[in-house]
Amino acid sequence: MTLNSIRYILRETAHSMKRNPWLSIASVLTVTVSLVILGFSVLFLANASNMAKSFESQLEVATFLKSNTTPEQVKVIQSQIQGMPGVASVTVVTKAQALIDFGKTMGGTQSSLVTDLGGTNPFPDKLTVKASDPQKVKALADELSVLPGVEKVRYGQGYVDKLLTFTRWLRWIGLTVVGAFAIASIVLISINVKMNVFSRRREIQIMKLVGASNSFVRWPFLIEGLTLGFIGGALASGIVGTGYNWLSMYIQTTLTFLPVVQNTDLFRQIAAGLVLAGMAMGAIGSGLSLQKFLRS
Amino acid sequence: MIELTNVSKTYPNGARALVDVNLKIGKGEFVFLVGPSGAGKSTLIKLFYRDETPTRGQVQINGKNLVRMKEREVPYLRRSIGVVFQDFKLLPNKTVFENVAFALEVIGVSKNEVKTRTHATLELVGLANKENAFPHELSGGEQQRVCVARAVINNPALLVADEPTGNLDPETAWEIMDLLFSINKRGTTVIMGTHARAIVDKMQKRVIAIENGRVARDEEIGGYGYDT
Ligand SMILES: Nc1ncnc2c1ncn2[C@@H]1O[C@H](COP(=O)(O)OP(=O)(O)O)[C@@H](O)[C@H]1O
Ligand SMILES: [Mg+2]
């Protein structure tokens with residue numbers, strides 16, 4: 001392909017997009033919408049899995065002892081657990097300490113509280129056990145629950161499971177919505193290109209008659225599709241980038257405990273991915289309509 | 001130069017346009033294709049520039065087999081064949097110059113070369129003074145000259161014309177015939193389908209008559225030959 005051909009093809013592409021400006025805009029916008037949804041879905045999933053990870057890493061097993069355990073026995077059990085493999089640390093909250101903590105939150109004195117509670121301290125002794133490997137929390141909890149003197153154990157596995165189930169669902173919903181919009185984008189781009197092929201059918205007929213190569217005839221339409229997809233992808237990148245920035249700033253000031261993903265590499269990958277996805281949609285869209293229209 | 005062997009063409013709708021046609025046309029010949037409407041002249045002409053392919057038989061041009069030819073080779077075949085139509089097929093929003101230059105632009109010829117060759121070709125067909133006119137500002141004869149210019153700008157070995165004078169008055173028709181004749185004299189083979197009895201009778205060229213898709217008559221120096 002000569003330089004003259006390239007110049008000609010670019011000129012034709014520009015003409016062609018100006019011919020149906022509204023359809024071009026509609027195509028770009030559907031690409032944008034589908035890719036914005038895709039971009040936010042990816043970011044949401046990244047955050048969800050990040051959150052699941054940080055929950056996991058904070059996982060501690062709350063180990064409650066039987067109510068008849070003596071303070072000496074508590075110390076024994078504590079050192080016993082400390083010696084178990086996979087245990088990072090053990091902190092003790094004795095029943096007495098638990099009562100004081102409870103009293104502080106209620107604002108009364110210890111003795112009056114015990115009287116109010118019927119003369120006994122209802123709190124069990126609690127050992128907070130931190131696992132050294134977040135993956136082994138469940139195994140550790142199982143081990144702890146069968147130790148003599150242990151009444152029951154509690155840990156956050158339930159939340160993590162729920163979060164993971166939720167992200168799995170979200171992934172499917174996100175994929176479905178993105179898929180539907182992607183198909184809509186491809187159809188619109190293909191209509192766009194089809195209309196331009198149709199309005200130029202005389203020209204195309206003569207081009208083929210005088211011996212223009214098939215690729216020469218096709219390139220302007222392919223480039224048109226690619227350009228529409230590129231613009232849509234670039235717009236989506238901008239919207240997702242700005243929107244996420246704004247949103248994460250808002251979350252960090254209001255819901256400070258939520259970990260928000262701030263990974264520049266990830267952002268670059270998503271931006272590049274969205275632009276490439278847009279161009280792929282454009283190529284597929286124009287490819288679909290060219291196949292039908294440009295057979296000689 | 002051109003050889004058709006046992007060529008038959010049946011359209012998908014069942015119309016039998018050509019039946020067992022055998023033909024040889026030599027380099028530099030001027031050939032009239034005559035015959036009643038629906039005889040198969042246009043179909044035959046379309047075989048030459050591979051707008052259609054036969055359902056049976058072989059078509060050879062300059063040693064190339066048009067039936068076995070791959071799709072991507074077709075453009076290069078067409079660069080060596082000029083085509084002239086009854087309805088000119090000009091692009092209405094392009095000037096005379098642009099319409100003719102188009103044939104070179106779309107095959108990647110450089111800008112300067114496009115310019116010089118387009119000027120020269122418009123000179124050849126006698127339209128040097130109308131370069132910037134649009135098709136609707138031209139007479140039928142002038143539009144046909146533009147079409148001829150576009151067909152010959154690539155110096156084709158073969159020029160095919162399907163009723164090129166069909167939309168023109170007799171006097172203008174003769175001007176176009178003179179043009180085609182001069183192009184033929186420069187060595188280009190010309191094949192022309194026509195209903196113009198007066199022209200065929202006067203020119204004293206080879207005449208191939210097609211009837212019901214068959215070659216009914218082939219005379220080295222012939223006349224139109226029908227009474228109507
Ligand atoms: N594209 C086509 N599809 C179906 N039938 C066609 C087509 N073109 C021509 N025919 C039929 O083929 C026969 C020959 O047509 P044509 O080659 O145009 O004859 P002519 O040019 O001599 O008038 C006619 O019966 C016509 O109806
Ligand atoms: Mg005809």
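Buried means under 20% relative accessible area, exposed means over 50%, and partly exposed lies in between (1.4 Å probe, protein chains only). This is a predicted model, in which local features need pLDDT of at least 70, side-chain atom pairs count only at pLDDT 80 or more, and totals for chains, interfaces and linings use all residues. Residues are numbered from 1 along each chain as its sequence is written, chains are lettered from A and ligands numbered from 1 in the order in which they are written, and side-chain values use heavy atoms, with hydrogens and water left out.

**Chain A overall**

- Chain A holds ten helices and four strands. Helices (H or I, at least four residues) and strands (E, at least two) are DSSP runs, numbered from the N terminus.
- Along the sequence, the order in chain A is α-α-β-α-β-α-α-β-α-β-α-α-α-α.
- Chain A has 296 residues, and 39% of them are buried.
- Take the contacts in chain A with a separation of 6 or more: 84% of them are between residues 24 or more positions apart. Contact means heavy atoms within 4.5 Å.
- Accessible areas come from the Shrake-Rupley method with a 1.4 Å probe; for residues, only the protein chains shown count as cover.

**A helix in chain A**

- Helix α8 of chain A covers residues 201-209. Its buried residues are E203(A), I204(A), I206(A), M207(A), K208(A) and L209(A).
- G211(A) follows α8(A) and has a positive phi, near 95 degrees.

**Chain B overall**

- Chain B has seven helices and ten strands.
- Why does 17 Å agree with a compact globule for chain B? With 228 residues, such a globule would have a radius of gyration near 17 Å, and chain B has 17 Å. This radius is taken over C-alpha atoms, and the globule rule is 2.2 Å times the number of residues to the power 0.38.
- The C-alpha trace of chain B spans about 45 × 40 × 35 Å along its principal axes.
- Of the 228 residues in chain B, 54% are buried.
- Chain B exposes about 10200 Å², and carbon and sulfur atoms supply 46% of that.

**Two strands in chain B**

- In a regular strand, side chains alternate between the two faces of the sheet.
- Strand β6 of chain B covers residues 81-84. I81(B) and V83(B) point one way, G82(B) and V84(B) point the other way, and all are buried.
- β6(B) runs parallel to strand β7 (residues 158-162) of chain B, joined by four bridges. Two strands pair if DSSP finds at least two bridges between them.
- V83(B) has V160(B) in β7(B) as its bridge partner.
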